[in-house]
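Here are a few exercises to work through with the model open in your viewer. Try each task yourself before reading its solution.

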Amino acid sequence: MGASTLISWTDATWNFAVGCSKVDSDCKFCYMYRMSLKGKRYNPKTVRKTTTVFNLPLKLEKPSLVFAPSMSDPFHVDIDSFRHEVFDIIHKCPQHTFQLLTKRPERILDNLPKFWDELRGHVWLGTSIGSPTGLQRAFELLKARKVADTLFLSLEPLHQKLDFKDLHDPASISGDDQFEILRKFDWVIIGGESGNESGPYRYRPCQLDWIETIVEQCMEAKVPVYVKQLGTYLSGQLGLKHRHGEDIEEWPEHLRIRQMPYCYKGVRDYQNGVIK
């Protein structure tokens, strides 16, 4: 973690733990596992990082967006024994905004600290979904709506078509609002899968119209949407220079959209070449 990161929608990553376990097919080519094979830098077994890394937010002076962690899951059961230490550090850093992304949103409510009300204004809670089988996580995340100011969805790696028109609230009486559930979220990130051409951790195709559909639906629902990358497959199909399709200047203009949640006070929003 430091003043910069390769992840475009955040300022810094805080890996207070590394390692995870797979939940479903969305995790098939997880980059944490891919990195564990590259020089054996990461062990799939979830472990707490050393004190120096664990305390890094305390040393980051400039108010920043902090993605925590990028190499694990903040609500993994193996973090239960030291999660209170994580929240203690977050409590000491009100100048930062922490982005907690999990594939285990059903564990959020039972694992928040007693002083959560003092944190909720600078902690965003999100879940990762890459296919229709993962949509249930969206409903699980919404259970935290009563305690969270900012909820977000990360549709990455997007490896199957997703349509928010298929996401309905079973308790809805009218069902007339086809984006009723989508509007309950504050932010949507989209990204095609990145991976290797060979070996155990490759990539799955992401189609351009899948991204276009989500962008259009978010725009219609007035939910900020952030297109992070097109992915390795589309990079090859479109002949892009960036291997994983992360260079926004290479994309079709109508997909050059990088909006942030309405609560965000920075200048990251980018649309059609204009930062606003």
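**Exercise 1. Find the backbone nitrogen that the side chain of D24 reaches, and describe the surroundings of D24.**

Solution. This is a predicted model, so every step below describes computed values.

- Step 1: Follow the side chain of D24 to the backbone nitrogen of D26, at 3.0 Å.
- Step 2: Place D24 in the fold: D24 sits in the loop between strand 2 (17-18) and helix 1 (31-37).
- Step 3: Check the accessibility. The relative accessible area of D24 is 23%; because buried means under 20% and exposed means over 50%, D24 counts as partly exposed.
- Step 4: Look beyond the neighbours within four places in sequence, and you find D24 in contact with G134 and R137.
- Step 5: Compare sequence and space for D24 and S131: they are 107 residues apart in sequence, and their C-alpha atoms are 9.9 Å apart.

**Exercise 2. Is T127 buried or exposed, and which backbone oxygen lies 2.7 Å from a polar atom of its side chain?**

Solution.

- Step 1: Locate T127 in strand 6.
- Step 2: Read its accessibility: T127 is buried, because its relative accessible area is 0%, and buried means under 20%.
- Step 3: Look for the oxygen partner. The backbone oxygen belongs to T102.
- Step 4: List what T127 touches, not counting residues up to four places away in sequence; among them are L101, P105, R137, L141 and F152.

**Exercise 3. Trace the largest nonpolar core and name the residues with the most contacts inside it.**

Solution.

- Step 1: The largest nonpolar core has 65 residues, and L125 and I211 have the most contacts inside it.
- Step 2: Elements giving two or more residues to this core include helix 3, strand 6 (123-128), strand 8 (187-192) and helix 5 (208-221).
- Step 3: Helix 5 provides the largest share, 7 residues.
- Step 4: Now zoom in on I211: leaving out residues up to four places away in sequence, I211 touches L158, I190, C206, V227, L230, L234 and L255.
- Step 5: Look also for a second, separate core; it has 12 residues, including W9, F67, W124 and M260.

**Exercise 4. How many cavities of 30 Å³ or more does a search of the whole structure find, and what lines the largest cavity?**

Solution.

- Step 1: The search finds 1 such cavity, with a volume of about 40 Å³.
- Step 2: The lining consists of F16, P74, F75, R83, V86, F87, I90 and L100.
- Step 3: Sort these residues by type: 7 are nonpolar, none is polar and 1 is charged.
- Step 4: Helix 3 (residues 83-91) gives the most to this lining, with 4 residues.

Definitions and conventions. Residues numbered from 1 in each chain as written. Predicted model: local features only at pLDDT ≥ 70, side-chain atom pairs only at ≥ 80, totals over all residues. Heavy atoms only, no water. 1 Å grid on protein atoms, 1.4 Å probe; cavity = no way out; pocket = protein on both sides within 12 Å on 5 of 7 lines; lining within 4 Å. Points joined across faces, edges and corners; volume = space filled by probe spheres on them. Nonpolar A, V, L, I, M, F, W, Y, C, P; charged D, E, K, R; others polar. Core = buried A, V, L, I, M, F, W, Y, C linked by side-chain atoms within 4.5 Å. Buried < 20%, exposed > 50% of the residue type's maximum accessible area, 1.4 Å probe, protein only. Contact = heavy atoms within 4.5 Å. Polar contact = N/O pair within 3.5 Å; in protein donor to acceptor, adjacent residues only side chain to side chain.
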